[in-house]
Amino acid sequence: MTANAVPSVGTPAASEPTPASVGTPARRRSLGRTGQRFFYWMLLPALGLFFVFHTLPALIGVFFSFTNYRGYGSWSFVGLHNYRSLFLDENVWAAYRFTFLFAIVSTVLVNVIAMLLALGLNARIGFRSGFRAIFFTPYVLSVLIVGYVFSYLFSNTLPQLLPSIPVFANNILASEQWAWVPIVIVTVWQSAAFATILYLAGLQTIPGEVYEAAALDGATGWTQFWKITFPLISGFFTINMVLSLKGFLQVFDQVVALTNGGPGTSTQSITMLIFRGGFQGGEYAYQTANAVIYFIVIVLVSLVQFRILNRRQADF
């Protein structure tokens with residue numbers, strides 16, 4: 001290529017599209033429709049896979065919830081019998097009580113601790129990036145591995161370190177009254193990391209000038225947090241609360257690793273009851289009906305929670 005062939009600065013290259021080469025408005029609209037059709041074709045494989053591996057199994061589960069299928073052998077339709085029996089089953093009500101108690105306590109603790117950590121990690125302190133990495137580490141660890149490590153800690157280490165405290169001296173995981181506490185501790189320890197990251201993201205969206213103006217007006221400490229910080233990150237608070245409660249209502253791994261639902265069935269969550277009864281107890285159709293009801297409960301709880309918190313957010 002000679003020097004004369006190099007296009008000058010500000011002059012479109014021969015291969016670059018110009019308004020004239022694109023064509024008339026009708027031509028541009030035609031190209032736009034072609035592009036849209038291309039994107040729809042790109043979505044079809046993903047939609048097909050989602051339907052086959054997610055929607056279709058769910059629909060099959062709903063179908064079998066109206067039968068007496070045990071997971072093997074023959075079956076027949078029983079109508080709403082499974083759904084009526086669930087409301088009379090004391091094991092189901094006990095699992096609901098434990099799961100909601102666990103989810104509410106864990107949600108409150110996770111968000112309080114995560115908020116405090118985020119405020120501390122957002123301050124101008126030394127080794128801030130290092131502290132952020134340290135506090136985020138629990139979130140990348142396997143839930144089961146963490147659960148088994150804490151199980152050994154509660155069962156063997158604490159009874160030796162705290163022999164004068166009856167709850168710990170006698171292995172707290174063996175107590176029907178207190179076995180839920182270690183499950184909450186492990187869950188909060190691991191889940192606070194992700195909530196902290198979300199709150200940190202929210203705190204960094206607040207301009208520093210807002211605090212400078214508030215300081216000139218005499219607002220400091222708690223007043224700045226309650227009047228400025230919390231209202232401006234209320235959207236992140238709503239997301240964290242909804243995600244936390246929804247996730248903790250599906251608790252399974254922590255229970256398996258720490259208590260396996262015991263002692264007795266005192267820490268048996270709903271997901272564990274569905275798994276045990278459906279895949280090990282020959283109650284496939286019965287527990288499928290339980291899963292359908294629980295799915296509806298989680299959706300309703302999430303919608304109500306989101307609506308209440310969103311209304312509060314709009315009031316600021």
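A residue is buried under 20% relative accessible area, exposed over 50%, and partly exposed in between (1.4 Å probe, protein chains only). The model is predicted: local features need pLDDT of at least 70, side-chain atom pairs count only at pLDDT 80 or more, and totals for chains, interfaces and linings use all residues. Residues are numbered from 1 along each chain as its sequence is written, and side-chain values use heavy atoms, leaving out hydrogens and water.

**Exercise 1.** Work out which residues Leu245 touches.

*Solution.* First, locate Leu245 in helix α11 (residues 234-248). With a relative accessible area of 13%, Leu245 is therefore buried. Now list its contacts (heavy atoms within 4.5 Å): leaving aside residues up to four places away in sequence, Leu245 touches Ala103, Ile104, Thr107, Val301 and Gln305.

**Exercise 2.** Compare the reach of helix α10 with its expected span.

*Solution.* Begin with the rule: the expected span is 1.5 Å times one less than the number of residues. Helix α10 (residues 221-232) has 12 residues, for which 16 Å is expected. From first C-alpha to last, α10 reaches 16 Å, close to that expectation. To finish, note its buried residues, including Phe225 and Ile228.

Note on methods: Helix = DSSP H or I, 4+ residues; strand = E, 2+ residues; numbered from the N terminus.
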